[in-house]
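The entries follow the order in which I checked things.

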Amino acid sequence: MTILEHISQMKLGADGEALVGCTDAGTVERGCGYVERVKEIASAYNLLAGVVDGTTRYYTNVRIEVNGFLDAICSCPVGKRCKHSVALILKARQMMLDREQIQSTIPSEWTSRPEERIREIERKIEEGWRQQKLEEERRVAQQVHEEECEREREDAFWRDFSAVR
């Protein structure tokens, strides 16, 4: 089954409610407001790709997974299952209902940018994890240092106290 056949069989209302299983309700609601921002759209077998105007131009890809669920990646900061992917699905559905032609050749730029974005996000997550671990090690080292200083102050106090007696 192609992605267009899959989308055409989905029971999508005007609010895209059926997509809530693919992402959260808030994202679906925001995506409904972006349908008219889908500027280019193409499909090939199990891939739907498009360009959506947001803060900048975002390249969005939606695929049918082996289990039949839709998965989406995007070049936007969210990266996955975002409002841009919801808008792309709804626009494809709208175009099919209006019997508009969807191009069948997907420019490579449309598929490479979201993949690059996902790799960048994964790299930043890994980098963030490392940074978080370093900060935790620094915090523990600082805490140990402060405890040692406190013990030294206490020892000095008791030495001075003993010397006075």
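Predicted model: local features only at pLDDT ≥ 70, side-chain atom pairs only at ≥ 80, totals over all residues.

**Entry 1: a first case for the cut-off.** I looked up R57. Its relative accessible area is 36%, so R57 is partly exposed. I then looked for a charged partner and found D53, which forms a salt bridge with R57, with 4.0 Å between the closest N and O atoms. D53 has 25% relative accessibility and therefore also counts as partly exposed.

**Entry 2: the overall layout.** I listed the elements next. The protein chain has 4 helices and 4 strands. Read from the N terminus, their order is α-α-β-β-β-β-α-α. Of the 165 residues in the chain, 35% are buried. I also checked the contacts between residues at least 6 apart in sequence, and 58% of them join residues at least 24 apart. The chain exposes about 10,700 Å², and carbon and sulfur atoms supply 50% of that area.

**Entry 3: the core.** Which residues have the most contacts inside the largest nonpolar core? I found I3, I7, I41, L48, V62 and L70, in a core of 18 residues. I then looked up which elements supply at least two residues each, and they are α1 (3–9), β1 (38–44), β2 (47–53), β3 (57–64), β4 (70–74) and α3 (83–97). The largest share comes from α3, with 5 residues.

Entry 4: I picked S85, which is found in helix α3. At 4% relative accessibility S85 counts as buried. I set aside its neighbours within four places in sequence and looked for what else S85 touches. The contacts are T60, V62 and A72. V62 had already turned up among the residues with the most contacts inside the core.

**Entry 5: helix α2.** I asked which residues of α2 (residues 25–32) are buried. They are T27, V28 and G31. They lie on the same side of α2, because they cover an arc of only 100 degrees around the axis. I noted the background to this: an α-helix has 3.6 residues a turn, so residues three or four places apart point the same way. I then checked what covers the buried residues of α2, and the cover includes α3.

**Entry 6: strand β1.** I looked up K39, which lies in strand β1. K39 is partly exposed, with a relative accessible area of 46%. Apart from its neighbours within four places in sequence, K39 is in contact with V51 and D53. K39 and V51 are 12 residues apart along the chain, yet 5.6 Å separates their C-alpha atoms.

**Entry 7: salt bridges.** I counted how many salt bridges the structure holds, and there are 6. As background, side chains of opposite charge can pair when their charged atoms come close.

One of them joins D71 and R81, with the closest N and O atoms 3.0 Å apart. D71 lies in strand β4 and R81 in the loop between β4 and α3, so this pair ties together parts that are 10 residues apart in sequence. Are the two partners buried or exposed? D71 counts as buried, at 14% relative accessibility. R81 is partly exposed, at 39%.

Another joins R139 and E136, at 2.6 Å from N to O. The two residues are 3 apart in helix α4 (residues 108–164), which means about one helical turn separates them.

**Entry 8: a patch on the surface.** Last, I asked which residues form a nonpolar patch on the surface. They are F157, W158 and F161, and together they have about 350 Å² of accessible area. I looked up the place of W158 and found that W158 lies in helix α4.

Definitions and conventions. Residues numbered from 1 in each chain as written. Heavy atoms only, no water. Buried < 20%, exposed > 50% of the residue type's maximum accessible area, 1.4 Å probe, protein only. Contact = heavy atoms within 4.5 Å. Areas by Shrake-Rupley, 256 points an atom, 1.4 Å probe, with all protein chains shown as cover. Core = buried A, V, L, I, M, F, W, Y, C linked by side-chain atoms within 4.5 Å. Arc of directions from axis to C-beta. Salt bridge = Lys/Arg side-chain N within 4 Å of Asp/Glu carboxyl O. Patch = residues over 30% accessible without salt bridge, like charges linked within 9 Å, V, L, I, M, F, W, Y side chains within 5 Å.
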